[in-house]
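This report covers one protein chain. The sections below take up its domains, its overall build and one of its sheets.

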Amino acid sequence: MKAIAVTDQAAGTAGMKLVERSEPRPSINDVVVQVHASGFVNTELGWPSTWTDRLNRDRTPSIPGHELAGVVTALGYGTTGLSVGQRVFGLTDWSRDGTLAEYAAVEARNLAPLPGDVDFTVGASLPISGLTAWQGLIVHGRLQAGQRVIAHGAAGAVGSMVTQLAREFGGYVIGTGRAADRQKALDFGANEFVDLDKEPLEDVGQVDLVFDLIGGDIGKRSARLVRAGGILVSIVGPSETRPADGLAIDFVVESDRAQLGEIVQRVRDGRLRTNIGTVSPLDDAVAAFNPTERRPGKTIIRVRS
Ligand SMILES: NC(=O)c1ccc[n+]([C@@H]2O[C@H](COP(=O)([O-])OP(=O)(O)OC[C@H]3O[C@@H](n4cnc5c(N)ncnc54)[C@H](OP(=O)(O)O)[C@@H]3O)[C@@H](O)[C@H]2O)c1
């Protein structure tokens with residue numbers, strides 16, 4: 001099968017190569033999915049799990065990409081709940097070969113059925129951004145109606161989902177980002193927008209929940225805005241500053257079939273819009289992940305047309 005492989009961490013996305021690999025075989029409780037569309041997060045090549053397995057052994061050449069939408073072609077021993085021929089989407093294990101390939105082996109529990117009226121490209125754009133937003137706001141952030149929420153990077157892949165879900169659940173959303181993204185963030189539902197390059201974040205006053213995906217100085221300054229009892233959730237490594245009287249929660253997204261179902265249902269009924277910027281075939285994936293100019297929105301690789 002065709003796949004994108006990486007061997008050299010220092011080379012970053014420029015080191016991605018289109019290669020020929022043998023098709024994966026399903027282990028216990030796995031399915032093999034014929035990948036129709038695949039998602040990749042730009043920072044993935046900086047994660048240790050891209051390069052080593054759970055025992056910290058080198059696993060290169062590894063196949064990146066951990067989001068997929070496709071069709072089940074084989075079941076491993078003992079696999080229940082999914083069947084051959086079923087359309088699925090979901091998030092794959094960080095420490096195994098991923099989804100920038102024609103086939104991927106995945107634990108069945110990490111996948112959910114993809115309804116027939118949802119395109120594979122849309123399905124592949126949802127798992128990481130949708131689940132991260134859901135878990136950060138609802139599971140870890142315990143969002144309640146009426147709360148004031150900072151959604152950093154509100155025009156980005158995760159931030160646009162955070163903005164939409166926070167509004168749906170009754171939050172007042174202060175989106176942030178760069179000046180060029182103001183209108184996009186407002187279109188996704190932000191009540192107001194802060195241009196982090198030019199406007200002082202501190203002017204927004206106290207908030208109940210910060211969803212941090214930038215970190216560094218922005219993370220520290222955000223923590224100071226969390227009012228007593230509020231929560232800072234961070235997806236970019238351990239927060240350097242805790243809110244004075246609030247809670248800081250650092251988490252890595254996990255797959256969850258029920259939450260994937262909640263997310264895809266919202267896409268079907270129009271409550272959630274995806275944020276897809278570029279769609280490229282697998283043959284052009286290396287160029288798509290090494291753009292010469294800024295490409296807003298998520299890049300999805302359409303593996304089968
Ligand atoms: N822990 C987890 O489970 C988890 C899950 C998903 C994602 N993540 C991480 O979350 C981060 C965001 O992911 P994503 O897929 O949403 O990325 P993305 O689509 O690139 O969105 C990030 C947005 O934030 C903006 N931004 C970043 N730094 C900024 C700054 N200093 N000032 C103003 N705007 C800034 C970006 O603008 P520019 O493009 O102009 O910089 C972009 O619009 C990544 O670091 C990713 O690795 C973690």
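## Domain contact

Five residues of domain 1 are in contact with six residues of domain 2, contact meaning that the C-beta atoms of two residues, placed from the backbone, lie within 7 Å. On the side of domain 1 that touches domain 2, three residues are nonpolar, one is polar and one is charged. Here Ala, Val, Leu, Ile, Met, Phe, Trp, Tyr, Cys and Pro count as nonpolar, Asp, Glu, Lys and Arg as charged, and the others, Gly among them, as polar.

Domain 1 comprises 2-126 + 274-302, and domain 2 comprises 129-250; the bounds come from an automatic or database domain assignment. The centres of the two domains, taken over C-alpha atoms, are 28 Å apart.

## Basis of the model

This is a predicted model, in which local features need pLDDT of at least 70 and side-chain atom pairs count only at pLDDT 80 or more, while totals for chains, interfaces and linings use all residues. Residues are numbered from 1 along each chain as its sequence is written.

## Overall build

Of the 305 residues, 47% count as buried, which requires 20 or more other C-beta atoms within 10 Å of a residue's own, with C-beta atoms placed from the backbone. Among contacts with a separation of 6 or more, 61% come from residues 24 or more positions apart.

## The six-stranded sheet

An open sheet of six strands runs in the order E10-E9-E8-E11-E12-E13, with parallel pairing; two strands pair if DSSP finds at least two bridges between them. Strand E10 (192-195) and strand E13 (247-250) are at the edges with a single partner strand each, so one side of each has no neighbour in the sheet. Strand E9 (residues 172-177) is joined to E10 by four bridges, and Thr176 has Val194 in E10 as its bridge partner.

Helix H3 (residues 157-168) lies across strand E8 (148-151), E9 and strand E11 (207-212), at about 165 degrees to E8. Angles run from 0 to 180 degrees between N-to-C directions, with axes fitted to C-alpha atoms, for helices over the stretch in contact.

Notes
A residue is buried if 20 or more other C-beta atoms lie within 10 Å of its own, exposed if 12 or fewer, and partly exposed in between; C-beta atoms are placed from the backbone. Helices (H or I, at least four residues) and strands (E, at least two) are DSSP runs, numbered from the N terminus.
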